[in-house]
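Have the viewer open as you read.

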Amino acid sequence: MDFALTQDQKMVRDMVREFAVNEIEPIAAEIDESREFPKETIKKMAGLGLMGVVIPEEYGGAGMDFTTLAIICEEISRVCATHGVITAVTNSLCAYPIYHFGTEEQRKKYLPALTSGKSLGAIGITEPAAGSDPASMETTAVDKGDHYVLNGTKQWITNAEAADVFVIFAYTDPEERHKGMSAFIVEKDHEGFSIGKHENLMGIRATGNCELIMDDCKVPKENLLGGEGNGFKVVMHTLDVSRIDIGAQGVGISQGALDAAAKYAKEREQFGRPIGKFEMVQDMIAQMAAQTDAARLLVYRAASLKDGGAERFTREAAIAKYFAAETAVAVTRMAVQIHGGNGYSKEYAVERMYRDAKIVEIYEGTSQIQKIVIARETLR
Ligand code: CAA
């Protein structure tokens, strides 16, 4: 397995790193405080091709590979996890399933707007009573001839406040459980669709996380995505792809925290010398560096399997997401510890990184769900 980055991947990494440092880092603390969705930077990112990374050029995408998408998610998350997850959701949870499972008409209708930043995408899986167990969702879709009528409420939806296009999951046949779920492309202007409560989150605070309410929501028949009854497979495959990018988000948060802690350890003096000279601080720096590197390699392995055309990379995506999430929480905790009292203050970015890191262990399948997936795939 060769994990050396190609010239193109290095070029994209450097370009995104420069953009992230110049355009995103300066507003990261501000949007964490205000919870204002960063529409302007997301538009600029779309202009750089970062909102349709793996989508072919004929639909307005950048036509790059999944490893490059992971690198982009890492670089953005290194300075701001809010921008990182907006990038991951738009690319892998909305544009990707429309491309992968969509008809030619659906691709032509929705992808150019998503990739150009004219519209923003989101996904609606989770409900108030269906989190780790999406098969227990209560949203229904009833076939009315030329359209479906959707009823239900989705919760914890990243991008919801600003999104125009949603991939929504509902039961067309609730009796059939996994085989009775279907996916739909829903537009924010579809009759009966509205945005509910805006969540006040601990971290990733400017992600426009809201409820979605479908009250007799009319969705045209042609917006069924991937065929009736295939919704569970659509959601599971899409999550396999997206877990790679959320793993990359964990790597980015970890790298950002490690960089900040290393800088601080070299500058901050106690007992007459920089604290980085003390072995107990070095112990933390070493753990942070080793875990971050290991997480990155796991993310690259999962992405390279997808790039190589593997049908299933469920186990590798779950391992990458699980390890990177645990790493992000452990590394940011140590970064705060190295900063001492300053790390507990909003004056220093590691305080925000520690709060942001926690969500990586929760969304797109908790660490416990990843372990279930890893164990099932290993024992298969
Ligand atoms: N790819 C394709 N098909 C898959 C699959 C995969 N990765 N995983 C399962 N399937 C298929 C199975 O083969 C099976 O098909 P058959 O009936 O034909 O045999 C069917 O789906 C049912 O599979 P399971 O019996 O394994 O299903 P389950 O109900 O036990 O669930 C689970 C498995 C892995 C625990 C799943 O419920 C899960 O992943 N839960 C976590 C949910 C989650 O990640 N939610 C995230 C919400 S989105 C989000 O967080 C976005 C955000 O905010 C940024």
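## Ground rules

This is a predicted model, where local features need pLDDT of at least 70 and side-chain atom pairs count only at pLDDT 80 or more, while totals for chains, interfaces and linings use all residues. Residues are numbered from 1 along each chain as its sequence is written, and side-chain values use heavy atoms, with hydrogens and water left out.

The structure holds six aromatic pairs (rings of Phe, Tyr and Trp, the last by its six-membered ring, with centres within 6.5 Å; planes under 30 degrees apart are stacked, over 60 edge-to-face, the rest tilted). One of them is Tyr148 with Phe184, edge-to-face at 4.9 Å centre to centre and 65° between the planes. Tyr148 is in strand E3 (residues 147-157) and Phe184 in strand E5 (residues 181-187), so the pair ties together parts 36 residues apart in sequence (strands are DSSP runs of E, at least two residues; helices are runs of H or I, at least four; both are numbered from the N terminus).

Tyr148 counts as buried, at 1% relative accessibility, and Phe184 is buried too, at 0% (buried is under 20% relative accessible area, exposed over 50%, partly exposed in between, with a 1.4 Å probe and protein chains only). Lys221 lies over the face of Tyr148, 5.5 Å from the ring centre (the cut-offs: NZ of Lys or CZ of Arg within 6 Å of the ring centre and within 35 degrees of the ring normal).

## Tyr264 and Tyr348

Tyr264 and Tyr348 also pair edge-to-face, with 5.9 Å centre to centre and 90° between the planes. Tyr264 belongs to helix H6 (residues 231-267), and Tyr348 to the loop between helix H8 (314-339) and helix H9 (349-360), so this pair ties together parts 84 residues apart in sequence. Tyr264 is buried at 8% relative accessible area, whereas Tyr348 is partly exposed at 31%.
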